[in-house]
There are 2 protein chains.
Amino acid sequence: MKISDLGEFGLIGRIRRTYATGTARAPIGIGDDAAALAVSPGMTVLATTDMLLEGVHFDLATTELASLGWKAAAANLSDIAAMGGMPRFALVGLGIPRRFAAEDIAAFYRGFMQLGREHGLQLVGGDTCSSQGGLVISVTVLGEAARKAIVTRAGARPGDRIFVTGTLGDSGAGLEILRNAEWGMGNEKSAVKKLIERHQKPVPRVAWGRKIGLAGAASAMIDVSDGLSSDLGHICEESGVGAEIIADRVPLSKELRRTTGLRRPALEYALEGGEDYELLFTVPPRKAAALRALRIPAAEIGTVTKAGGMRIIDRAGKAKRLAPAGYDHFRAGAGRGPS
Amino acid sequence: MKISDLGEFGLIGRIRRTYATGTARAPIGIGDDAAALAVSPGMTVLATTDMLLEGVHFDLATTELASLGWKAAAANLSDIAAMGGMPRFALVGLGIPRRFAAEDIAAFYRGFMQLGREHGLQLVGGDTCSSQGGLVISVTVLGEAARKAIVTRAGARPGDRIFVTGTLGDSGAGLEILRNAEWGMGNEKSAVKKLIERHQKPVPRVAWGRKIGLAGAASAMIDVSDGLSSDLGHICEESGVGAEIIADRVPLSKELRRTTGLRRPALEYALEGGEDYELLFTVPPRKAAALRALRIPAAEIGTVTKAGGMRIIDRAGKAKRLAPAGYDHFRAGAGRGPS
C-alpha cells in the first residue's frame, strides 16, 4: 500500500495498533504529546540515541528493511548493555522517502521489535515524517539500572585486565563479503553465512552486561561498535590510561579464521571492523574471581597501563603502536568506510 | 573551522566542553555509551522525540542555525508542557552535510541551549554523523511529572469548555512573510517583526502547562503544533468526542489582525498555520474556577460535544464543518506546505 493513501496519521495508527503499549510500565505510549514511563523505585534512567542515514550507515541494496530494524535496535540495546543496564523503552524517528511502501515500514518495525521484544523493549513513541533524501532513522532507547551497577568508560586503572566477550571481526568481514560477493567464494558456505549473519543480525550482549554491572566486576566497559582499536581508545581516553593488548589473544571466530580471500588479515577486521556489539571491559585483579564466577564467555586480551597510548604485541613479542582506526564521520580516509 | 579538521570526536569534544553535565541530576552526561539520569522519587518520566529534515521542515535560506536550534528545542519543550511536565534532559542527533563549518554546529547548539537553559534543560547525549543529503536533526527530550499531574489528549468529555493560551496564527503568517517578503510590505515594521519572531523563536508554554497539570484543571491538553483544526482533531479522536468552536473567539494577535496583504484571512493561519506552540486544553465546568485562579492568559473558544466531528460557528451564527487541515507528511496538497 502507498504511504500517501494511508497518510501520516494512518501510518502512525498502524504502528500503534501493532505495537501499542499502555502497561503499568508505560501508562501512556504511542499517540500523545509524550510517552509517560514508570521507572522502578531507586533506579537511574539510562538514555542513548543513534542516528542511521541511508548512504552513510547503510545501503538498501545490500540490507533488507527488517534487518535494518534489527540493527537499529541492536546498536541502542548494546549501548544500554555496555552501561550494565536493562533496556525498557524505545522511541523511533523515521524520515521516509516517497518511494517507500507501507509494507517497507512495517518490515522495519517488525525487525526492530523482533529483537526488541527479546529484551523487554516497549515501543512508546516516535516521529514519522517524509524525507526528500534517503531513509533517516533515529532511535532513542531508555533503560534503567541501580546507580552502583552502572559501568562507565572512565574507571579503568593501570594493572586492570582487559576482556572482550565473544569474537570480534565477523561483522566487518561479513560486510565486505556482502559488498564483494567474490571474496566469499571458495569458502565454506556455512562460514560465509555466519559472518554475514553477524553483520545483519548482531546480538547485543544485554544479559552479560547486566551481570557484569550487578557483580561490580568491571572498572570500565564499552561496546565494540567502531572496532576494538577505537573503542579501547575511548576507554583509555576517558580513564586517562593506556593499554597493551596481545594480538594472539584477540578472539576470532573459527568462521573468520577459516575464510580465505578477504582483502585484509582477519585480525584487522577485529581491530577496525566495528559493529560486533561485543562488550569490552576492564577488570581489577581483585575482581578476577568475581568475573569468573559469572561464566561469561570473555577472553582476556591485555592489560591497562599508565597513560601513553595503546600498544599491540605480536606473536614474536614485538610491540607496536595501536592507533584508533575506526570510522570517523568527518575525516575522509580514516579507517574503514561507513557501513 | 572545517569539521573535517576537528573530526567526529573533536566535534563531540567541543560540544561536551561547552555543555558538559555531571550534576546530581545527570551523573553521567555526554561521552559514554548512555547518559545516566536521576528521576525525582515518585515521578513518572515523560519522553518525546522530533525529527526535523532540511527541505521538509526548514529551509536554511530563510532560517539561521541558531534559530533552528531554538525551534528544535521549542517543539520538544512544548510537547512536555502539553503533558503538564517539567523538561529535564535532551539528547540531540545531528546528520551534518559536508558543506557545514564547525561554527554552524556551534550556532545550532547555542540557539538550542539558549531556550533550553531557560527551562532547566540539560544536554546529556546525542549522536553526530555525516549526512550525504541535507541537515538532519533529531531531538529527544525527557521530562518528569507526578502521575496525577499528567494531562493526556484522551480525557475530554462533552460539555467541557475549550481553551487556548496566547494567540494563534502569528507563526504561520510570519513564515509566509519570510517566504514572500512583498506580503509584509506596506505594514507596520513592528507588527511584521513580531510575526516573524513568533515563527523563528516560538515560546513553549512550559510554566503554564505545568500549572494546569498541577491544578488538575484540564481534562485534555495538546500543544498547537499543526494548527488548531488538526490539534483539536487529535483531542477529539483520542477522547472520542466532537467539538464546536466560535470563530470570533479564536484569539488573534493585534499584529496579525493589523497585517494586510497576506494570502489568506487571519483566521486561517490560526486554524491551519501551526507552529504556534500554544496550549489547547479542555476544562470540565466544575474546574472553571480552578483554571481562573491560575491567571493564565487563555481564551475560551468553544465546547466539547458528543462524537460527530468538529464544527466552527461564524459571526452570523452559521455552523460549518471544521476539518483537520494541518500538514500531513505523506499526502500531497493536504493543508499548508511544510515549514
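Let me start where strand E1 of chain A, residues 35-37, runs antiparallel to strand E2 of chain B, residues 44-53, the two being joined by three bridges; strands here are DSSP runs (E, at least two residues), numbered from the N terminus, and two of them pair if DSSP finds at least two bridges between them. Within this pairing, A:Ala36 has B:Leu46 of E2(B) as its bridge partner. This is a predicted model, in which local features need pLDDT of at least 70 and side-chain atom pairs count only at pLDDT 80 or more, while totals for chains, interfaces and linings use all residues. Residues are numbered from 1 along each chain as its sequence is written, chains are lettered from A and ligands numbered from 1 in the order in which they are written, and side-chain values use heavy atoms, with hydrogens and water left out.

The sheet is open and has five strands with mixed pairing, in the order E1(A)-E2(B)-E5(B)-E3(B)-E4(B), and its edges are E1 of chain A and E4 (122-131) of chain B, each of which pairs on one side only.

Turning to the interface, 68 residues from chain A and 68 residues from chain B take part in the contact (heavy atoms within 4.5 Å). Across it the rule finds six salt bridges, a salt bridge being a side-chain nitrogen of Lys or Arg within 4 Å of a carboxyl oxygen of Asp or Glu; one such salt bridge links A:Arg153 with B:Asp32, whose closest N and O atoms are 3.7 Å apart.

Key
Helices (H or I, at least four residues) and strands (E, at least two) are DSSP runs, numbered from the N terminus.
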